[in-house]
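This report describes the strands, the nonpolar core and the open spaces of one protein model. Please keep the sequence and the structure in view while reading.

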Amino acid sequence: MNDIVFTDKENRPSEDAVKTELGNLYKEYQSILNDITDHTLEWKYPGKKYGWLLKAQKKRKALFWLTPLHRAYKIGFIVREYEREALLQSTITEEISGKIEDAEKYPEGYGFSMVVTKVTQSASIRTLIHTIKTLRTKK
């Protein structure tokens, strides 16, 4: 089960604790963070229901939110209309495409998230992040 593990507001997750909880996904987690060195990373605590999450942002615009889980992680995105259209026409996986198609519309864009439980899923997440970064650079 992929439970939220960092729910104590007083204890921001340490790198060692994240490594322990993610297990074999820790290396993939590190790869994602290494791919976004041009973004600021900040731990946020929206409440016990969501636990601690890591927000990646650039100029106050979020690229994603990542929540470490037990042997998994949840990653959430909000994409703008033009990004959504471009992503749906790109070579992303069917799983991600389905999430984007079903994304809920918010004032700031379309919100969707995925729980990553397998190392093999991380490559498609990294491709998605790279594609969003590229789209935002062109705009």
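## Pockets and cavity

By class, the lining of the largest pocket comprises 12 nonpolar, four polar and five charged residues. Here Ala, Val, Leu, Ile, Met, Phe, Trp, Tyr, Cys and Pro count as nonpolar, Asp, Glu, Lys and Arg as charged, and the others, Gly among them, as polar. The model is predicted: local features need pLDDT of at least 70 and side-chain atom pairs count only at pLDDT 80 or more, while totals for chains, interfaces and linings use all residues. Residues are numbered from 1 along each chain as its sequence is written, and side-chain values use heavy atoms, with hydrogens and water left out.

Pockets and cavities are found on a 1 Å grid over the protein atoms alone: a cavity is a set of points where a 1.4 Å probe fits but cannot get out, a pocket is an open set with protein on both sides within 12 Å along at least five of seven lines, and lining residues have an atom within 4 Å of a point. Grid points are joined across faces, edges and corners, and a volume is the space filled by probe spheres set on the points.

| Space | Volume | Lining by class |
|---|---|---|
| Largest pocket | about 440 Å³ | 12 nonpolar, four polar, five charged |
| Second largest pocket | about 320 Å³ | two nonpolar, two polar, eight charged |
| Largest cavity | about 30 Å³ | five nonpolar, two polar, one charged |

Of the 21 residues lining the largest pocket, W65, K74, G76, F112 and S113 are the closest to its centre. Strand β4 gives the most to this lining, with five residues. Helices (H or I, at least four residues) and strands (E, at least two) are DSSP runs, numbered from the N terminus. In the second largest pocket, which 12 residues line, H39, K58, K61, R136 and T137 are the closest to the centre; helix α5 gives the most to that lining, with three residues. The largest cavity is lined by E95, I96, M114, V115, V116, Q121, S124 and I125.

Strand β3 (residues 61–69) is largely enclosed by the rest of the structure, because seven of its nine residues are buried. Buried means under 20% relative accessible area, exposed over 50%, and partly exposed in between (1.4 Å probe, protein chains only). T67, found in β3, is buried, with a relative accessible area of 9%. Contact means heavy atoms within 4.5 Å; not counting residues up to four places away in sequence, T67 touches Y50, W52, L53, Y73 and K74.

Two strands pair if DSSP finds at least two bridges between them. Strand β2 (residues 53–58) runs antiparallel to β3, joined by five bridges, and K55 stands opposite W65 in β3. These two strands form a hairpin with two residues between them, and K59 in the turn has a positive phi of about 50°. Strand β4 (residues 72–79) also pairs with β3 in the antiparallel sense, over five bridges; I75 in β4 is the bridge partner of L66.

## The nonpolar core

A nonpolar core is a set of buried Ala, Val, Leu, Ile, Met, Phe, Trp, Tyr and Cys residues joined through side-chain atoms within 4.5 Å. The largest has 34 residues, of which Y29, F64, Y73, F77, I125, L128 and I129 touch the most other members. Helix α5 contributes the largest share of this core, five residues. Leaving aside neighbours within four places in sequence, Y29 is in contact with E15, V18, L22, W43, L54 and L66.
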